[in-house]
Amino acid sequence: MRLLIATGNRHKFIEISAILNSPRLVMISMSELGEVPSVVEDGVTFEANAIKKAVTLARFSGLWTLADDSGLEVEALGGEPGVWSARYAGEPSNDAANNDKLLRKMTGVVNRRARFRCAIALVDPMGRARTVSGACEGTLRDQPRGAGGFGYDPLFVPCGQSLTFAEIASEVKNGLSHRAQALTLAVQEWGGLLESEPECWPV
Ligand code: IMP
């Protein structure tokens, strides 16, 4: 089956292709489609944004389409930055400015618990969606550490580790991450279906 991976992020495309890897699955990137419709991520949940991206691109391409949406939820901030993670300090998206804003809001806050969340939507060519999600629990440091990764990685220490996501090897992060958890679930739930090449979701 041909499966469109609806992300413009090359790192995500590689990570998703590696985990979904199967000889019967041909992963198509957005760049192979030429000009594609842009999607405004205005949903109030990660699931809504993932569905919106996947439905738009599935209808446009006529292909089964997979999309993800992710972000950071901080317990003491009532779940902020959440779906606004990429644009927390305003547009255009800027990782350093987002981290600065988060650190300012967390000054003096004792409860440092946070989690990364990821929702993945799989949509058939008719535009019908199903979702899975994954989470990675951890705590926030009070200053950035490490040069790897992206986004909030320099502030986030996953449970069971003493280093931030920006300090540990990417293979270790990719084994623990919210995206890895969601993708593993996607393979469990949908792996067989994707290999059987159905025209749409079975009812
Ligand atoms: P999106 O899923 O590409 O829309 O990501 C939204 C935002 O969430 C990113 O711009 C990052 O700020 C943050 N984010 C999502 N996943 C990660 C991660 O694995 N590490 C660090 N930040 C992340």
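**Entry 1: around the ligand**

I started with the shell around the ligand, where β3 (64-74) and α5 (178-195) each give at least two residues. Helices here are DSSP runs of H or I with at least four residues, strands are runs of E with at least two, and both are numbered from the N terminus. β3 has the largest share of that shell, with three residues.

Before going on, I noted that this is a predicted model, where local features need pLDDT of at least 70, side-chain atom pairs count only at pLDDT 80 or more, and totals for chains, interfaces and linings use all residues. Residues are numbered from 1 along each chain as its sequence is written, and side-chain values use heavy atoms, with hydrogens and water left out.

Which residues come nearest to the ligand? I found K12, S70, D153, K173 and H178, out of 15 around it. A residue is near a molecule if one of its heavy atoms lies within 4 Å of it. By type, the shell holds four nonpolar, five polar and six charged residues. For this count, Ala, Val, Leu, Ile, Met, Phe, Trp, Tyr, Cys and Pro are nonpolar, Asp, Glu, Lys and Arg are charged, and the others, Gly among them, are polar.

**Entry 2: polar contacts**

I looked up polar contacts next, meaning pairs of N or O atoms within 3.5 Å. S70 has a polar side-chain atom 2.7 Å from an oxygen atom of the ligand. For D153, a side-chain N or O atom sits 2.7 Å from a nitrogen atom of the ligand. K173 puts a polar side-chain atom 2.8 Å from a ligand oxygen atom. The ligand on its own has 480 Å² of accessible area, and the protein covers 90% of that. Those areas come from the Shrake-Rupley method with a 1.4 Å probe.

**Entry 3: the largest pocket**

Where does the ligand sit? The space it takes is the largest pocket. To sit there, more than half of a molecule's atoms must lie within 2 Å of the pocket's grid points. A pocket is an open set of points on a 1 Å grid over the protein atoms alone, where a 1.4 Å probe fits, with protein on both sides within 12 Å along at least five of seven lines; lining residues have an atom within 4 Å of a point.

I read off about 800 Å³ for this pocket, a volume being the space filled by probe spheres set on the points. Of its 37 lining residues, K12, E41, K53, D69 and A86 are closest to the centre. α2 (46-61), β3, α3 and α5 each supply at least two residues of the lining, and β3 gives the largest share, five residues. I sorted the lining into 14 nonpolar, 12 polar and 11 charged residues.

**Entry 4: the second largest pocket**

This one has a volume of about 350 Å³. Its lining has 15 residues, and H11, E15, F150, S170 and N174 lie nearest its centre. α1 (10-20) and α4 (170-176) are the elements giving two or more residues, with α1 holding the largest share, four residues. Four lining residues are nonpolar, seven polar and four charged.

**Entry 5: cis bonds**

Which peptide bonds did I find to be cis? The one from E80 to P81 is cis, with omega near -5 degrees. The bond from E91 to P92 is cis too, with omega near -5 degrees. P81 lies in the loop between β3 and α3 (95-105), and P92 has its place in the loop between β3 and α3 as well.

Note on methods:
Polar contact = N/O pair within 3.5 Å; in protein donor to acceptor, adjacent residues only side chain to side chain.
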